[in-house]
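Notebook open, structure loaded. I want to look up a few spots and jot down what I find.

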Amino acid sequence: MEDLKLIALDPEDLRVLSCHLQDAVVRVGDMAFIGAEMRFAAIANRFDWEGAAKAGVNQRRRTGLRFERVKGARVQGFDLKQKDHALALLAVTFEAGDEPSGAVILHFAGGAAVRLEVECIEAEMRDLGSAWTTSSRPAHAIDE
């Protein structure tokens, strides 16, 4: 499968990124907010849901994620000093403010989150190398 490269410039684009990033694993030390450049970047090991659906093979891919025009970043539910702590990304959402500004929120399992205050949505997700096979497929309990 070819490396995936996606950009997001509006909430609909961001939902597509979110689908591809669902169940990605992100180490706390692999996330950074660079205030002087108004950028937030992260490296994740994303589960390849598209490949699993098409070929029935469970794989992960090293993936870069960046957001531009970020005015501020806040975290909840985890300690930035625990660099090796792994977080499971559940979704990426957008809360509109005075359009086109708002907040991009990275939701992680266990209630952890990163909230990015943005001037507008400007994001890129890019696979950084080949995939590797994994023995497990993420699964979620459904609350009734």
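**Thr134.** I started with Thr134 and found it in the segment that follows strand 11 (132–133). This is a predicted model, so I keep that in mind for every entry. Is Thr134 buried or exposed? Its relative accessible area is 18%, and since buried means under 20%, I put Thr134 down as buried. Next I looked up what touches it. Skipping the neighbours within four places in sequence, I get contacts from Thr134 to Phe47, Asn58, Gln59 and Arg60.

**Gly56.** Then I went to Gly56, which sits in the loop between helix 2 (49–55) and strand 5 (59–68). I read a relative accessible area of 54% for Gly56. The cut-off for exposed is over 50%, so Gly56 goes in as exposed.

**Aromatic pairs.** How many aromatic pairs are there? I count three. One of them I looked up in detail, noting the two values that describe such a pair. A ring pair is described by how far apart the centres are and by the angle of the planes. For Phe78 and Phe108 the centres are 6.4 Å apart and the planes are at 75 degrees, so by the over-60 rule I log the pair as edge-to-face. The pair links distant parts of the chain, 30 residues apart: Phe78 belongs to the loop between strand 6 (70–76) and strand 7 (86–96), and Phe108 to strand 8 (residues 102–108). I checked burial too, and both Phe78 and Phe108 are buried.

A probe the size of a water molecule, rolled over the atoms, shows where empty space is left. I found one cavity of 30 Å³ or more, and the largest cavity has a volume of about 50 Å³. Which residues line the largest cavity? My list reads Leu21, Val26, Met31, Ala42, Ile43, Ala44, Thr63, Leu65, Leu89, Leu106 and Phe108. So Phe108 turns up again, as a lining residue and as a partner of Phe78 in the aromatic pair. Strand 4 (39–47), strand 5 and strand 8 are the elements that give two or more residues to this lining. I note strand 4 as the source of the largest share, three residues.

Note on methods. Residues numbered from 1 in each chain as written. Predicted model: local features only at pLDDT ≥ 70, side-chain atom pairs only at ≥ 80, totals over all residues. Heavy atoms only, no water. Helix = DSSP H or I, 4+ residues; strand = E, 2+ residues; numbered from the N terminus. Buried < 20%, exposed > 50% of the residue type's maximum accessible area, 1.4 Å probe, protein only. Contact = heavy atoms within 4.5 Å. Phe/Tyr/Trp six-rings, centres within 6.5 Å; stacked < 30°, edge-to-face > 60°. 1 Å grid on protein atoms, 1.4 Å probe; cavity = no way out; pocket = protein on both sides within 12 Å on 5 of 7 lines; lining within 4 Å. Points joined across faces, edges and corners; volume = space filled by probe spheres on them.
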